[in-house]
Amino acid sequence: MSSNKEQRSAVFVGLFALVTILILYSSSSAEVFRHGPLQGHSRQPVNLKQWSITDGYVPILGNKMLPSRCHQCVIVTSSSHLLGTKLGPQIERAECTIRMNDAPTTGYSADVGNKTTFRVVAHSSVYRVLMRPQEFLNRTPETVFIFWGPPDKMQKPWGSLVGTIQKAGLAFPNLEAYAVSPGRMRQFDDLFRGETGKDREKSHSWLSTGWFTMVIAVELCDQVHVYGMVPPDYCRRQRSRLQNMPYHYYEPRGPDECVTYIQNEHSHRGNHHRFITEKRVFSSWAHLYGITFSHPSWT
């Protein structure tokens, strides 16, 4: 019996390794989503520090304005690279801590900490956050939520996600939540086009929550330190690595990180995140906005 289990396990590992190799190999010859500034135009870099916070974020509950600003912020990504790092105490000492979507801290606080000053949440993750109030609403009641999404999903007057969040506010009166304004959503698209030379819609691209979070952090923080984000060339350098590195630290059986990045970067059918391209942009912003990266380091 144990012999059969071992054989099945060996077959599974072999198939995973083969699929990973094929995907990584094919990526070297596939047409790349090429990132670069707009050709034929001289462009001054957009100064994100000059974006108006007042115009960019609309209060969903009450009439407060998004609090600003923090001198030093950390972004805690959802990457499995954080597992085993024991960074929790270090993250707890940060002035402001920013997390994304429904990344939990319960059970992982030794590595990722628990303090959450801001949580940036995509429209597709709203229900996953609100359906776990003990984890996301009660555990860190001081958290400020920033929800982003297409205006037709966030702002329409009936059945909207904004309405759902407002109903949650009745049960949790201390909930502080904001939505990215339609005008700021257009600015995010314009920023992507200016930095990459690609129109987001025409190139079938979705901006990731990481993109929104990085820009918001630059707006709100004088210095930004990012934990767990891999550099843009990481997956190319790790081509021979066969170990499964889950995309999320809280989903050990989830998709492999590099496979996810490469599939999204090279696909031209449907809409996809351009994770590697976004990381190239972040790299170009590092010196301009005082952004540093660790676990892994980008130097």
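Trainee: How are α9 and α10 oriented to each other, roughly parallel or roughly perpendicular?

Mentor: Roughly perpendicular, because angles of 65 to 115 degrees count as that. Angles under 35 degrees count as roughly parallel, over 145 as roughly antiparallel, and the rest as oblique. The axes of α9 and α10 (residues 209–220) cross at roughly 105 degrees and come within 12 Å. Axes are lines fitted to C-alpha atoms, for helices over the stretch in contact, and angles run from 0 to 180 degrees between N-to-C directions.

Trainee: What kind of model is this?

Mentor: It is a predicted model: local features need pLDDT of at least 70, side-chain atom pairs count only at pLDDT 80 or more, and totals for chains, interfaces and linings use all residues. Residues are numbered from 1 along each chain as its sequence is written, and side-chain values use heavy atoms, with hydrogens and water left out.

Trainee: How many helices and strands does the chain have?

Mentor: It has 13 helices and 10 strands. Helices (H or I, at least four residues) and strands (E, at least two) are DSSP runs, numbered from the N terminus.

Trainee: What is the strand order in the open sheet?

Mentor: The 8 strands go β1-β6-β5-β4-β3-β2-β8-β10, with mixed pairing. Two strands pair if DSSP finds at least two bridges between them. The edge strands are β1 (57–59) and β10 (291–294). The twist averages 25 degrees from one strand to the next.

Trainee: Where does α9 pack?

Mentor: Helix α9 (residues 182–196) packs on the sheet. It touches β1, β5 and β6.

Trainee: New topic. Is Glu-257 buried or exposed?

Mentor: Glu-257 counts as buried, because its relative accessibility is 0%. Buried means under 20% relative accessible area, exposed over 50%, partly exposed in between (1.4 Å probe, protein chains only). Glu-257 lies in helix α12.

Trainee: What does Glu-257 touch?

Mentor: Leaving out residues up to four places away in sequence, its contacts include Ser-79, His-81 and Tyr-247.

Methods
Contact means heavy atoms within 4.5 Å.
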